[in-house]
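Biologist: Could you walk me through reading a chain-chain contact and a sheet?

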Amino acid sequence: MASILTVSQLNTYLSFYLSRDAKLKNVAVMGEITNLRDGYGSGHIYFKLKDDGALISAVMFRSSAEKLKLRLADGMSILAIGDVSYYEETGSLQLVCKSVAPQGAGIGKAKLEALKEKLSSEGVFDVKNKKPLPPMPRKIGIVTSLNGAALQDILNIIGRRCPTARVLISPSYVQGANAVSSICDAIGSVDSMGCDVIILARGGGSAEDLSAFNDERIVRAVFNCKTPIISAVGHQTDTTLSDYAADRRAATPSEAAELAVPQVKNQRAELLAAEKALNWAMRVRLSSEKLRLSSAELRLRSFSPLRKFRRDEENLTASAARIYSAVRSRIDRECGSLLASERRLEALSPLAVLKRGYAVVTDENGRSVSGESVNVGSRIIIRSAEYELTANVEKVDRHDGGL
Amino acid sequence: MTDMTFEQAMKRLSEISNALESDSLPLSDAIELYKEGTELVRVCRKELDDAKLQVSVLEEGGTERKYE
């Protein structure tokens, strides 16, 4: 016999034991509602879930009950998703429901809701986990079927917008039994091929066709993909959990291609702009050099020997003019004084004295005559203004100077 | 030059244009840079004119084959 336990010890153990079993978490249970009662204003809903052979207590706490889109009622067949928990105080087991959906067509939806909630609580859909798309991808990975129209749409758009890009297709089944593992593998292998961005694409299809993209494995593969990934599954109205987990969601494969290769980065326009900028920069540079050159030329010319020569030439001309005018005025001055001298000379001329009635006496040799040089009988020449007389001296007397 | 990607070439062109605008660069260097720039433009234009999207398919084992 095992050791004796208190009730508390037993219930604590049971609670611990049950909480360890992962299969009792997020369990989906089909059954019919019975014994439904509200929690007397607490917002909790208590009921029992039964089928033909068994019954289990169930509770939906207010936090979950508030999100209910349908009104629960006794006799309703539902699919409840929740955790099995053990309430130690009363030793009772209950299903703590997180979501409830009507049974039948709603089963898938309820499961999906539950999965969505679970992944959401793990942060799989969090905006903060989303990677930005590269502004200009060089290598683009595509996970899709080789035969689908989606691939052609994507290739057309990338080819038109960015013909220098490289595209790597990671082929996968997008429907059928192998779709899930095939897509997971395709994402995993292309993720390590150095792509800048990955497009996960599938054209439109029925809800069942698209259901693979709601599979937890694919959603996680999308979330764990290290390369930024764009999801484009189905058409505008179809949104799968993979879409929520991707870094960007595109409504169609074409739109995914447009998101991956933005039009603004049109390479031709970019090249043209770069060429214009280059030519402009060079033109500006050249004109500034020309300006510099002509200012240097101007400066150089001001120091030119030719310029010095011209200056010397000018000086020379000026000096010559100065000398000429000096000489000229000197000549004029000299001419004037010459004229005055001439007149003065003329006034002193002996001829002028002769004209006044005097005469000059000389000996035969033209020498002026004084008393000592003439004797009686000497021949003398008497010269007046108009006549020359030859005479012989008859007497020589000295007088006292008066006339 | 030939192993430069289009984006690298664009980046280089922008560097060259910026450098040309600086007066501290000797003119002979500026002319060399301009030559390099015009050559880059020529090669890029040819690349664009000749460009045909390169598409390959990833096969098991990580090898790539040309997509037909």
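Modeller: Here we take the contact between the chains, then the strands.
Modeller: This is a predicted model, where local features need pLDDT of at least 70, side-chain atom pairs count only at pLDDT 80 or more, and totals for chains, interfaces and linings use all residues. Residues are numbered from 1 along each chain as its sequence is written, while chains are lettered from A and ligands numbered from 1 in the order in which they are written.

Biologist: How many residues does the contact take from chain A and from chain B?

Modeller: In general, the size of an interface is often given as the accessible area lost when the parts come together. Here we count residues in contact (C-beta atoms, placed from the backbone, within 7 Å): 31 residues from chain A and 31 residues from chain B.

Biologist: Which element gives the largest share of chain A's side?

Modeller: Helices (H or I, at least four residues) and strands (E, at least two) are DSSP runs, numbered from the N terminus. On the side of chain A that touches chain B, α10(A) brings the largest share, 14 residues. α4 (149-161), β7 (166-171), α5 (179-191) and α10 (267-302) of chain A each supply at least two residues there.

Biologist: Which strand of chain B is joined to β7(A)?

Modeller: Strands pair if DSSP finds at least two bridges between them. β7(A) has four bridges to β1 (residues 54-58) of chain B, running parallel, and R166(A) sits opposite Q54(B) in β1(B).

Biologist: In what order do the five strands of chain A close into a barrel?

Modeller: The order is β1-β2-β3-β5-β4 (chain A), with mixed pairing. Within it, β3 (residues 55-60) and β5 (residues 92-102) of chain A run parallel, joined by three bridges; S57(A) faces Q94(A) in β5(A).

Key
Contact = placed C-beta atoms within 7 Å.
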